[in-house]
Amino acid sequence: MTAVFRTVIGALLFVAAGAMSAEARCADHVPQPKPQNASRDIVGADLDSIQERGWIEFAAYEDFPPWSWEEGGKLRGVDIEIGRLIAEDLGVEARFNLVAAGENLEADLRNWLWKGPVVGGRVANVMLHVPYDSKFACRVEQVVFTGQYHVERVGIAYREDAYPEDKPVPAYFRFDTVAVENDSIADFYLAAFPGGQLARNMRRYPSMAAAMAGLASGETKAAMGPLAQLQHGQNDGIGVHTPPLPGFGLGQWTVGVGVHFAYRPLGYAVDDAVFAAIQDGRMARIFADYGVSFSPPKLR
């Protein structure tokens, strides 16, 4: 299982647990003690300091195409371009720290936003690609969750020659092979299909990119995972769609950014930059440049 999916799955499982009581947001939450940083009283930087020094640092996940990765010594990805967009709006230079994901989202937020890692590294001013849920936001008081820019969903990629008429749905995998990333959301969903009917036809790969490569080479007839990653690995002869997924409570989620709770003016400025980019079409162009469908959250 990739570290990024450990992080995202942990967040989404919490989302599902709290979804039924969204109207009672924070009603049963007991406030946490105010955090004490291990080695320093001030972590990060406020908006004025960032603009005075002329640069802002973003934390983004490493080896996570199409969102953020390094290729030929250059940083690429949708999240990287969103960071540059935010920095341009603030009138500063964008700098990036590609980070490894921890065991869960809370660990990542602690390491890269409000406290810092135990060994090596440093906090960033903004963390990109943070899954959002209002109940989770109650639980993690040290972070402001803002700048929501995309609704991700689970889809199915398939070989068009294997499905010339009907596009595949999960029930098809009782007979047909399907590629998934090991221990991913799609893996959990298909493995839990009633009676374990799909288990023998599931092929697990170490990453979604490897799963899509297996599909392209004919090792499987289909692949299931986050839509953006399916589209990024799509090539000639491969179709992608998002069919209804019965009983799947984690079929879609919103991603945005995280900011240290002490720097709310920075959070407001980042949110304004993201909102403006969604409205004027710049956000959609970033997604289009990477061959990914853009699905904006509900605007304010």
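Guide: A charge sits over a ring if NZ of Lys or CZ of Arg is within 6 Å of the ring centre and within 35 degrees of the ring normal. The model discussed here is predicted.

Visitor: Which residue lies over the face of Trp55, at 3.6 Å from the ring centre?

Guide: That residue is Arg53. Arg95 also lies over the face of Trp55, with a distance of 4.3 Å from the ring centre.

Visitor: How many aromatic pairs does the structure hold?

Guide: There are 10 aromatic pairs in the structure. One of them joins Trp67 and Phe287 in an edge-to-face arrangement, at 5.8 Å centre to centre and with 75 degrees between the planes.

Visitor: What does the pair of Trp67 and Phe287 tie together?

Guide: Trp67 belongs to the loop between strand S1 (55-61) and strand S2 (69-71), while Phe287 is in helix H10 (residues 282-289), so their pairing ties together parts that are 220 residues apart in sequence.

Visitor: Are Trp67 and Phe287 buried or exposed?

Guide: Both Trp67 and Phe287 are buried.

Visitor: Which residues do ring pairs link into a cluster?

Guide: The cluster consists of Trp67, Phe287 and Phe294, linked by ring pairs.

Visitor: Turning to helix H3, what should its 13 residues span?

Guide: At 1.5 Å a residue, helix H3 (residues 78-90) should span 18 Å; the end C-alpha atoms are 19 Å apart, which agrees.

Visitor: Which residues in H3 are buried?

Guide: The buried residues of H3 include Val78, Ile82, Leu85, Ile86 and Leu90, and Asp79 is also among them.

Visitor: And what follows H3?

Guide: Gly91 follows H3, and the phi of Gly91 is positive, near 75 degrees.

Notes
Residues are numbered from 1 along each chain as its sequence is written. This is a predicted model: local features need pLDDT of at least 70, side-chain atom pairs count only at pLDDT 80 or more; totals for chains, interfaces and linings use all residues. Side-chain values use heavy atoms; hydrogens and water are left out. Rings of Phe, Tyr and Trp (its six-membered ring) pair if their centres lie within 6.5 Å; planes under 30 degrees apart count as stacked, over 60 as edge-to-face and the rest as tilted. Helices (H or I, at least four residues) and strands (E, at least two) are DSSP runs, numbered from the N terminus. Buried means under 20% relative accessible area, exposed over 50%, partly exposed in between (1.4 Å probe, protein chains only). The expected span of a helix is 1.5 Å times one less than its number of residues.
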